[in-house]
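Hello,

Here is the structure I promised to pass on to you. Have a look at it first, and then read on for what turned up in it.

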Amino acid sequence: MTITLKVDGKSPDRIPDMKQGLVGTEIARPEGPLKVTGQAPYAAEDLPEGCAFGTLVRAPRWGKVNLRNEERLAAMPGVLSVLRDPAMIRRTAQGGAGKAPAQGMDEADFAGQSVALIVAESFEVARDAARAAVVAVDGPAPAVDPDQQETEGEPDSHGDLEAAMRGAAHALDVTYTTPSMAAAAMEPHAAVAWWDGDGVTVRTSLQMLKHNRKELADCLGIDPSRVRVLSPYVGGGFGSKLGVSPEAVAAALAAKTLGRPVCVVQERRQVFELVNRRSESRQRIRLAADEDGRLVGLGHEALVSNLPDEGFSEPVTQASHFAYAAENRLIGNRVARVRRPNAGSVRAPGEAIGVTAFECAMDELASALDLDPIALRLRNIPDAHPETGQPFSSHKLAQVLTEGAERFGWQDRDPAPRQRREGEWWIGTGVSAAFRVNLLTEAEARITLTSDGARVDTDMTDIGTGTYAILTQIAGEALGLPQGRVTVRLGDTDLPPGSGSGGSFGAASTGSAVWLAALDLRQQLATRLGCDEADLTLQDGEARVANTRQPITEILKGDTLTGHGHVQKGEAAQKVRQATYGAHFAEAAVNDVTGEVRVRRMLGSFAAGRILNPRTARSQCHGGMTWGIGMALTEGLVFDRRDGHVVNRDLAEYHVPVNADVPPLDVHFVDEHDPWTGPLLAKGIGELAICGAGAAVLNAVHHACGVRIRDWPATPDKVLAGLDGWPVPATAGSD
Amino acid sequence: MRPFDYHRARDLQDAQTDYVSGAAFIAGGTNLLDLMKLQVMTPERLVDISRLGLDRIEDDGDGLRIGATVTNSDLAADPRVRRRWPVLSRALLAGASGQLRNKATTGGNLLQRTRCPYFYDPDTPCNKRDPGSGCAAMGGELRNHAVLGTSAHCLALSPGDMPVALRALDAVIEIRGTDGRTRAQPMEGFHRLPGDTPERETVLDPGELITAVRLPAPRGDRQVYRKVRDRASYAFALVSVAAVLRLEGGVISHAALGFGGLGTVPWRDPEVDALLTAERPSAALFDEAATLLLRGAEPREGTAFKLPLARRVLRAVLEEATQ
Ligand SMILES: Cc1cc2nc3c(=O)[nH]c(=O)nc-3n(C[C@H](O)[C@H](O)[C@H](O)COP(=O)(O)OP(=O)(O)OC[C@H]3O[C@@H](n4cnc5c(N)ncnc54)[C@H](O)[C@@H]3O)c2cc1C
């Protein structure tokens, strides 16, 4: 049997009836010890016998490709093959694509694309041959600057924003620019492929295996049933591993050609080019407010970029549709077509930069109105979706702001900027709201119950988020088993298809599938006991019905029971607007001599439904807040203005925050009971914590020293230009 | 594959006999190995100098003699250095990361190569990497590039922190020539301006070995190292200043300033030092020093910010050192 649930409306909350007490507790990750002792093999750390090694060859610019010395490369000692198969892919697939991205090695769509694979007996030989490749590329000067292109896309309009701006007591019209950003996951993209007859197994580092399997099958021209994908451990994804990437397809093709396993790992410098980047953006934000700070008009127009034939465009304005009330609205995205590496989903695509810029603009408006920035936000919380009229499934913005403010100590804040100074440092605080759409997607899971305990099986991935932990908890809770008697197997397409990790929907989606599979087992146990499932209490390996208790093992009588769960997105997604809400608070110090910014403390206050495991949830929030610091202060891909190649493509030059940049981060969860999100009442969290985090930092910078940085990141040169009234030096290519 | 031989030298003589054309000495390897992986440097032979007993810090009259393979971590932590040459300790600790400093050596640090991203990218022309091929940085994206000492052939910045402090401390580099004789080379003149041979970065000839760095007794007790960077740690200097000053009766009697983040070599300007010497500290004087320092600077789009930044940092450092 399978219990299938299509989430069309509210779900009853049954977790409080369960007695094991695992859900909501801080269990440690079951796979944690393996990871920290180096025993959890990542994609390229578990190589089959006889494995050959491949390195992708780079095109130095865009255009028609001619590999000049192919024969010489093939003849290099130790080289097994120079592969330029038309099935090889030119970029990473978009998340959930389920089909091949652009294929063929005769064109380079952007500088840095891979145009061949060299396979050799050793990694060193393959790498050397890849370096020796003479790649001639023939093409006109590429379009690389998004600001200089024709654009596509029209904004949605409600009412008349222009008129509202003209008539408003206060009107703000500002433009923010945000650089392109890299996910910069620790584990580089890697794949090991081997064939068994006409079936291929690819051990790789990907986030959404059921889609990746189809993408690989489509690339290889075979049926998905003949592709097995393994990703038991993923060393960070952040969206960069949503879709299949060039090394995986190349490894599979090479393994077929050579009749032996092939391992291809992207070098760090390749990861910065071959993996989908977050688009840069230019965001025009207009706010029209009445005397009391009520918004009468709101405009959010974004310009993003992508390759000419890509469907994805960073949905910068996604949350602006529902975040704040205002009658007159103009919201939308435009896309410029440029020869920069493929743009795709990076952690909280859209809101990460869209909410962050918008929340900076809200701070500007609060300053102009002489109104507390929290009060401004509280005044503009809509009763229902401002454009569609949909009710909100739950709306916790007011609570996250007020509870966060109290914990952070916002109340004593002097609103005027440039008031607090310690030596050379200006000190200030800033606040931002956070919004992120909440998603549920189809997922399946199976639980096998034996006298040893329960084993959860799904092709879901754990990309460092804590999936192993929370699925253990959910199964243990429903089946009355302690943590030690539940094992979780993930990351194998031979297992039932879970949701994959993306869009923060993993916990709620695959978690629900596991829950339903456990309900299936509970029903089977109840049948054996002749009672109603609802009357069954399972705890510590025992079943209790009325006054009788019996070990679960006795009920099983040596049998193996299997439960299946299947959750599907239903009409709930249309009936109500589901979202998660948060508030970020930051204290920043700005050096008056150098323009350097140091974040001193941050507090994030979040409402994300039921918190399944506070420890792993908090860790997600720490990550998101840290990304916010990077977005505000340090991160940005730099593209060469002549050919569009990524200039800063290593971790020394692409500046993610290091430990010294990250102060104590406090995380507070607001209780939320949102029955629309599925049977667990859980919501997404990993992405929420990045949305707006950078705005709290940048608003704190303004409060500290009076400088608004509208061109991110706020590096010392830009802060200094503001501090001293120097003209901002053009920041070459970092747009 | 590019095979290379590896030889672990037993002693100085052995190290140098073993050095053949196309070889490279390897110390901590933190710079060399990265560049080898990218094939920016392609030595055919590595001569490992890490076990030659050059890892000692010894008293040297009233100064110190620092062996070439003393690690950055050990040097920064040495109590003598921390007490009498604190600017050196600070400069070292401002560089790289703890893990790198544990491997990086004194000699290697002096010879670390530029971080110009075009130098690191063999798909672009670079006169330093590939003499005569051109300079991709010109007309490209600049930030970590020099504004002082540049030439029509190269804008590459000297990235190090330690060498900036060594300049202000009048350190002397002990070089063992291929003939086995040791000579003393002041920091001044050790690094070469790029001119039309940006590939030649120092006065070392092939096969010559740095054996030690000598620190004379500090000529100033007021020592400051200040580094401005794009993140709190693990980033190269946008601008850095090393100051070694002495004040007598309210008058600056010794001034030695080293600068990082600005020059194609670790920068020191004798005229700036002279301007400050025998003067009373004042804001006007510090400003004048900055103007003098930057008189020949060539700011470009992307590096122009370094001028006002250097001015501000210099002023702050001098204020701190003369308080
Ligand atoms: C990510 C990163 C960040 C960094 N950040 C900073 C920073 O902020 N500030 C900073 O100053 N540095 C920084 N560094 C550079 C670091 O300080 C240097 O890599 C290190 O000092 C080099 O020392 P090493 O012993 O490892 O040299 P090696 O890599 O072993 O050698 C470097 C060069 O010196 C030659 N050589 C070494 N010793 C001798 C000798 N005794 N005689 C003759 N030739 C010799 C080698 O042949 C080679 O050409 C950073 C490095 C990295 C990788």
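Let me start with the ligand: 34 residues surround it, and the closest are B:Phe25, B:Gly29, B:Thr30, B:Thr105 and B:Asp161. Please keep in mind that this is a predicted model. The ligand lies between chains A and B.

A polar backbone atom of B:Gly29 is 2.7 Å from an oxygen atom of the ligand, and for B:Thr30 a polar side-chain atom lies 2.7 Å from a ligand oxygen. B:Leu32 takes part through its backbone, with an N or O atom 2.8 Å from an oxygen atom of the ligand. On its own the ligand has 980 Å² of accessible area, and the protein covers 95% of that.

Which elements give two or more residues to the shell around the ligand? They are strand 2 (23-26), helix 2 (32-37), helix 7 (106-110) and strand 8 (209-215), all of chain B. Helix 7 of chain B gives the most, with 3 residues. Sorted by class, the shell has 17 nonpolar, 12 polar and 5 charged residues.

Now to another part of chain B. In its helix 10 (residues 283-293), the residues B:Leu285, B:Phe286, B:Ala289, B:Ala290 and B:Leu293 are buried. Seen down the helix axis, the buried residues of helix 10 of chain B fall within an arc of 140°, so they line one face of the helix. Their cover includes strand 11 (251-260), helix 9 (270-276) and helix 11 (306-322) of chain B.

Enjoy exploring it!

Best wishes

Definitions and conventions:
Residues are numbered from 1 along each chain as its sequence is written. Chains are lettered from A and ligands numbered from 1 in the order in which they are written. This is a predicted model: local features need pLDDT of at least 70, side-chain atom pairs count only at pLDDT 80 or more; totals for chains, interfaces and linings use all residues. Side-chain values use heavy atoms; hydrogens and water are left out. Buried means under 20% relative accessible area, exposed over 50%, partly exposed in between (1.4 Å probe, protein chains only). Helices (H or I, at least four residues) and strands (E, at least two) are DSSP runs, numbered from the N terminus. The arc is that of the directions from the helix axis to the C-beta atoms. Contact means heavy atoms within 4.5 Å. A residue is near a molecule or strand if one of its heavy atoms lies within 4 Å of it. A polar contact is a pair of N or O atoms within 3.5 Å; within protein, one must be able to donate a hydrogen and the other to accept it, and residues adjacent in sequence count only if both atoms are side-chain atoms. Accessible areas come from the Shrake-Rupley method with a 1.4 Å probe; for residues, only the protein chains shown count as cover. Ala, Val, Leu, Ile, Met, Phe, Trp, Tyr, Cys and Pro count as nonpolar, Asp, Glu, Lys and Arg as charged, and the others, Gly among them, as polar.
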